[in-house]
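These are my notes from a look through one structure.

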Amino acid sequence: MSWQVATVADVRRETETARTIVLDVPDWPGHLAGQHLDVRLTADDGYRASRSYSIASAWDGSDGSTIELTVEQVPDGEVSPYLVDVLKVGDPLEIRGPVGGWFVWKPEQEGPVQLIGGGSGVVPLRAMLRAHAVAGTTPVRLLYSVRRPESVIYVSDLKELASSDDVDVRLVYTREAPAGEPRVGRIDAELIEQYAFKPEDGATTYVCGPTPFVETVADLLVAAGHDPARVRTERFGPTGGPR
Amino acid sequence: MGIVSPGFTGRRGGGTDLPPGQYLTHEFPVLSAGPTPHILTDHWEFTVTTETGEKYKWDWAALTALPAEEITKDIHCVTRWSKLQTTWKGVSLDTLLADVETGADFAMAHSYGGYTTNLPLEDLLDGQSWIAYEYDGEPLHAEHGGPARLLVPHLYFWKSAKWVRGLVLSDSEDLGFWETAGYHEYGDPWKEQRYAGD
């Protein structure tokens, strides 16, 4: 797997701190929904910094050679501020991938799909929803936890995806909810009971988000009787609380 | 040489000697493939199984009765963070394997929760690895692999199996969890062996 030079074809502001970057990658080999890639930046004196980012788009070969990344700016980050604020259409970007064979959804996989995302943890889940929209035949549910309405990434996209009979999207607001939404608070046991597939449904569950979010949700799922072997997780950022 | 990223200056590390492609963190991020298993020390057991099928077992009391070492090491995660001078307490694999009769070349570490990772046996010996049960002076938190994890700091940190429950020794090398999912079979951070084929 070698580094290749992609070209920025388009950029889309998603929230105040997140941006989707559309990349034209001439030799992209394709990827599975949920996989990530490495990005490498090089300063003019040769200094380099690399990070991994989840791929936000699905690959079915029909998009030509285009893939999408959605990057959330990390406070004090080195690479993400460049990707969110500096990189512009027409710029080159070195990438390497795809990587990862565990946190992936494949269309031939049996059983319903439960997606649970916190913040920018929704990015690989969006790739799964996109892939499912093309080739999925089983029901899929997304529980998406955000701080406030302005924090929602992929607003219009999620609306479109949720219009399918197979897809159920439920937003959870932890700090501030839009008018008409009475519930403000984190995902808890009651919400899991209400909106997630039941253990007997045989769903594969994908949980992605900041470490404390994933720890909490995964523990809730196991406590509710879900088989830990069917709960796949991807964590990012520091741990909360004492360790 | 690759391309130059227009407008990128970078946040220089300040002379710290890190493996290539790594950045320094003072946090302790977590990389796990599934829910965190919560294992009580009352139920904890560590088993070494040799290539002939012979088993050696330690329960929590037996492990913690063995001579323990204070370990201070840099750790390097394949997701690119490095953390310097982390402090641990644990039992050296040299101690645990001292009376184990084996001619095996490879080990597969097995964890509660089903995780596995493969290592050459020689990378576990000669003061290179431990079963660690304290981090930073405290019992190792479950999120970070407690009650006990394998600690092999000279390799990428996914080799330091959390919630470790045993080693299976073998003459042939099989691949573990991440190694089957596209990551390097050995994982030397100084050679930047992140992915299969690196």
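**Backbone notes**

I found B:Arg80 in the loop between strand 4 (69–76) and strand 5 (81–92) of chain B. Strands here are DSSP runs of E with at least two residues, helices are runs of H or I with at least four, and both are numbered from the N terminus. The model is predicted, so local features need pLDDT of at least 70 and side-chain atom pairs count only at pLDDT 80 or more, while totals for chains, interfaces and linings use all residues. Residues are numbered from 1 along each chain as its sequence is written, and chains are lettered from A and ligands numbered from 1 in the order in which they are written.

I checked phi next. Most residues other than glycine have a negative phi, and most peptide bonds are trans. B:Arg80 is not a glycine, yet its phi is positive, about 95°. B:Arg80 is buried, with 21 other C-beta atoms within 10 Å. (Buried means 20 or more such atoms within 10 Å, exposed 12 or fewer, partly exposed in between; C-beta atoms are placed from the backbone.)

I also noted B:Glu192, with a positive phi of about 50°. B:Glu192 sits in the segment after helix 3 (177–180) of chain B and is partly exposed, with 17 C-beta neighbours inside 10 Å.

I then looked up cis peptide bonds. One joins A:Gly97 and A:Pro98, with omega about 0°; A:Pro98 is in strand 6 (residues 92–99) of chain A. Another joins B:Gly146 and B:Pro147, with omega about 15°. I placed B:Pro147 in the loop between strand 9 (138–139) and strand 10 (149–151) of chain B.
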